Each structure stands twice: as C-alpha cells, then as structure tokens.
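Here's a quick briefing to read with the model open beside you. Have a look at the fold before going through the points below.

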Amino acid sequence: MKKRNLSAALAAAMALSLAACGGSQTAATTTAAQTEAVTEAAASESAEETTAAETEAGAEAENAEWDAIVEKAKGTEVTFYGWGGDENLNRWLDDVFALAMKEKYDITMNRVPMDIDQVLSQLAGEVQAGDNNGDIDMIWINGENFKSAKENDFLYGPFTDQLPNYNAYIDTTSEDNTTDFAYPIDGYEAPYGKAQLVMFSDTEAAPEQPKNAEEFLQYVQKYPGKVTYPALPDFTGSAFVRNIIYETCGGYEQFMTMEADKETVKAAIQPAIDYLKSLNPYLWNEGKTFPDSSTTLDKMFQDGEVIWNVSYDAFAAATGLEEGIYPAGTQTFLFDNGMIGNTNFMAIAKSSGNPEGAMVAVNEMESPEMQASRYQVLKTVPVLDYTKLPDEAKAEFDNVDLGEGIVPQSELVAKRLPEMPAGLVPVIEEIWSEEVVGK
C-alpha cells in the first residue's frame, strides 16, 4: 500500500510534466508540483513505516514481558480465596479451571473457601505484618469490600494493563469494568463474571408475578408466611433491599452522588423503610427473623417452605430446574422498572508471594474458552465484549442453551440498573437492622 501511494504520486508528477509544454512558466510550476508531490509521498511513507515499526516493537516488548511472567509462574501454586457456597462453581473451579491451569501453565490452583470478611481480616494481618509471602494470592471480591481493601492498601497493582486477554477482549471503557459500585478500579481488579438480581417463583403454587413494589406487597399479603428475603448483610438480601429503595424512592439517580452520612441516607430511604416494615406481618416468621443467607433461602424454596426466591444469578432458575431441585413451575421475573446488576472481580493480595502466578490465573479466567465454559456450565453472564471476539468464539457463546424458566438476556440488559456507591451499602444495612427487623 505504501509503494502504491508513492507510485501514484510519481505518476501524477509525470502527467504534470507532459502537460508542461505550454510554456516555461507552466513548466516551472509543474516542476515544483512534481517535487512537492514526491516529497510529501516519501514523508508520508516514512512516517507510516516509523509508526508501524514502533507499534510492532511495543507489541513485541509487551509479549516478552508477559512471556517472562508466565515463565516465572510455571510450577507454582496459586491460592484463590472467596465465597464457597456455590457447589456448582466449586466443581467447575476444581474440575475445569484448575485442570486447564495445570495443563497449560503447570500451575496448581488451590481454592480456599472463605467468607469475604474473614478473607479481609486475614489479608489485613498479612499486609500489616509486612508479609511478602502470604497465603492469599487471588481474591474473589467486589463492592464495599474492594473499596475497603484498596483504600487500606491491601491489594497488588495496578496489574490489568499487563493481561493480554483483558486488553484483547474486555471493554476497557465500560463503567461495568472501570468502576465497582461506582468506585474507581484503577487496574486493581479484573472482571470475573456479571451478576443481575432476579426474582423467581413457583407459578404452580402462586401464578401471579409482581411487576413493581405495590404488586409485591399484594403478593405477600395474598400468600402470608410464604415469602421472605435473606437478612442483611447477606449480599443478595442487601441487593434486594437496595432494589426496593430504587422502587419506592424515585429511582437510583439521587444515590449516585450521595454522601455516606447516616442521617442523610436515612431521610432519603425512609419511604423504603416504611414499605419494608409494611411487608413484615405477611412474611415468613412475620418478619421477626429472616433467613441468615441466600443459601438458606434457596433451600427453603427447594423444600416448598416459601414460594418466592431472589438471586444474583440471572439464570439460577434454569440450573435448579435442570438439576431437579426447584419446583416444576419455577419461572424468573423482573420488576418493570429494572433490577440491579453488577460485575464481580478478581484481585491480587499485596502480600502475595506469587503475583505472577495470580496474574496468569486471572488472565486465563478472562479467556474466551473459560468464559464460554462458565456460560455453558454455570450460566454465568460473560464479562467479554462480544464484538471483540473472533468468529469461532462468538459461535461458542451463540450455541449455549441457557435452559428453561429464565428471562431472555436482551430483557436483562434492557432492565439492568446500576449499583449504588459502595460507601452507602453498609449504612443502609445498618439502618435496616435497626429499623426493619421485627418492626
């Protein structure tokens, strides 16, 4: 292409020369035009070659740096700390992801199931002790926990700019990937999976599916004792309460810039507090107590103790139906005004003795192969930008059968609402515990 540009300029100059026989002035003008055209073409070609060479050299340097990271990680062990309450995910991590890491990189993955508050407590101890060879490498994290860890300098990074798959397949401009509960990520965590709050119910036991907060109140009144939600600060229970806040307090916009001041927040969410208290007499155990976790609520739904469930797994109903643990009439639904969605992430501990191994593991988790496998096996919404995928990878995602009882992904996307800033979450949880339970 560069040679063609130069040849075209020369041809134009030659044409000008043939037309120059009309006089010496014209000839002089033509000669100048010839010289200028050739000079500009040569300069353009030289600039293009320089840019191409610089780009190629930069890419080679990045590849060499990544190759060195992979080589250093070979033969090591990487611990992955995070919530262990999802047995399907645990099996996938052990049987699929860990196997791939061993075969491709000779890295041994060690999954350590632990609640995030315990993870952060252990991490704080390692970092404060100046431990550079701590037990924690990778962490499954997001929201206020990430904000706390980052602000306390507990995390390694920034590191995402070094990950080939992050740069190739992630939309690095999307707020889903640049912020976490409205808090800047700055390269200190990488996307793991997307979640969206959904509700599902046993439509054979109760055919109605409420589309807003008012209808939800009517629903619990019609089926007393058969509906409840997880006690805060359970992650899913907390998200459900925030969704009710959006429903009853005029939407999410006012909360995006709100200060995490308890009195300010309490005044803003008072309509939601009043609404939640109005539910209590009709809830399971009359709202005096709530299930201690989303796992407990899920078991209650499986056993028919309740007819309604809530999950951050958009396709949980399909999984439950496929495994035969949910009632046959299970069907997912959303509020018309939308449901909260977020991204969960992987971070690396500042005290990790093997950040290279952790980076290789994070990078592999963001590969099209692993994300497609998670989508197929776990029905986890992928974090990759579909438009950046090669055709064969697109075909893998297109061919996934998500199962029965679900809401189409197009509707999930259309009704996806942003998370509140991380600082508001613990404030709301505290207010709920004081103002709603048993009231």
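Helices (H or I, at least four residues) and strands (E, at least two) are DSSP runs here, numbered from the N terminus. Helix 11, for one, is followed by G304, which has a positive phi, near 80°. Keep in mind that this is a predicted model, so to speak of local features takes a pLDDT of at least 70 and side-chain atom pairs count only at pLDDT 80 or more, while totals for chains, interfaces and linings use all residues. Residues are numbered from 1 along each chain as its sequence is written, and side-chain values use heavy atoms, with hydrogens and water left out.

**Confidence**

- pLDDT is the predictor's confidence in each residue, from 0 to 100; its mean over the protein is 90, and 87% of the residues reach 70 or more.
- Residues 1–30 are another story: pLDDT stays under 50 there. Contact means heavy atoms within 4.5 Å, and the model has 23 contacts beyond four places in sequence for this stretch.

- Two strands pair if DSSP finds at least two bridges between them. On that basis, 3 strands make an open sheet in the order 8-7-9, with antiparallel pairing.
- Strand 8 (308–311) and strand 9 (330–333) are the edge strands, each pairing on one side only.
- From one strand to the next, the twist averages 25°. Axes are lines fitted to C-alpha atoms (for helices, over the stretch in contact), and angles run from 0 to 180 degrees between N-to-C directions.
- Strand 7 (residues 198–202) is joined to strand 9 by 4 bridges, and 4 bridges also join strand 7 to strand 8.
- F200 has a bridge partner on either hand: N309 in strand 8 and T332 in strand 9. S201, in turn, stands opposite Q331 in strand 9.

- The buried residues of helix 11 are S294, L297, M300 and F301. Seen down the helix axis, they fall within an arc of 115°, so they line one face of helix 11. That arc is the one spanned by the directions from the helix axis to the C-beta atoms.
- These buried residues pack against strand 7, strand 8 and strand 9, and also against helix 9 (235–248).

**A parallel pair**

- Strand 1 (residues 77–82) and strand 2 (residues 108–113) pair in the parallel sense over 6 bridges. V78 stands opposite M109 in strand 2.
- Helix 3 (residues 87–105) carries the chain from strand 1 to strand 2 in a right-handed β-α-β crossover. Right-handed means that, with the strands pointing away from the viewer, the path from the first strand over the helix to the second runs clockwise.

**S351 in its loop**

- S351 is in the loop between strand 10 (339–348) and helix 13 (355–365), and it is buried, with a relative accessible area of 1%.
- Beyond its neighbours within four places in sequence, S351 is in contact with L123, E126, V127, D131, N132, N133 and G134.
- S351 and F154 are 197 residues apart in sequence, yet 7.6 Å apart in space, C-alpha to C-alpha.

Note on methods. Buried means under 20% relative accessible area, exposed over 50%, partly exposed in between (1.4 Å probe, protein chains only).
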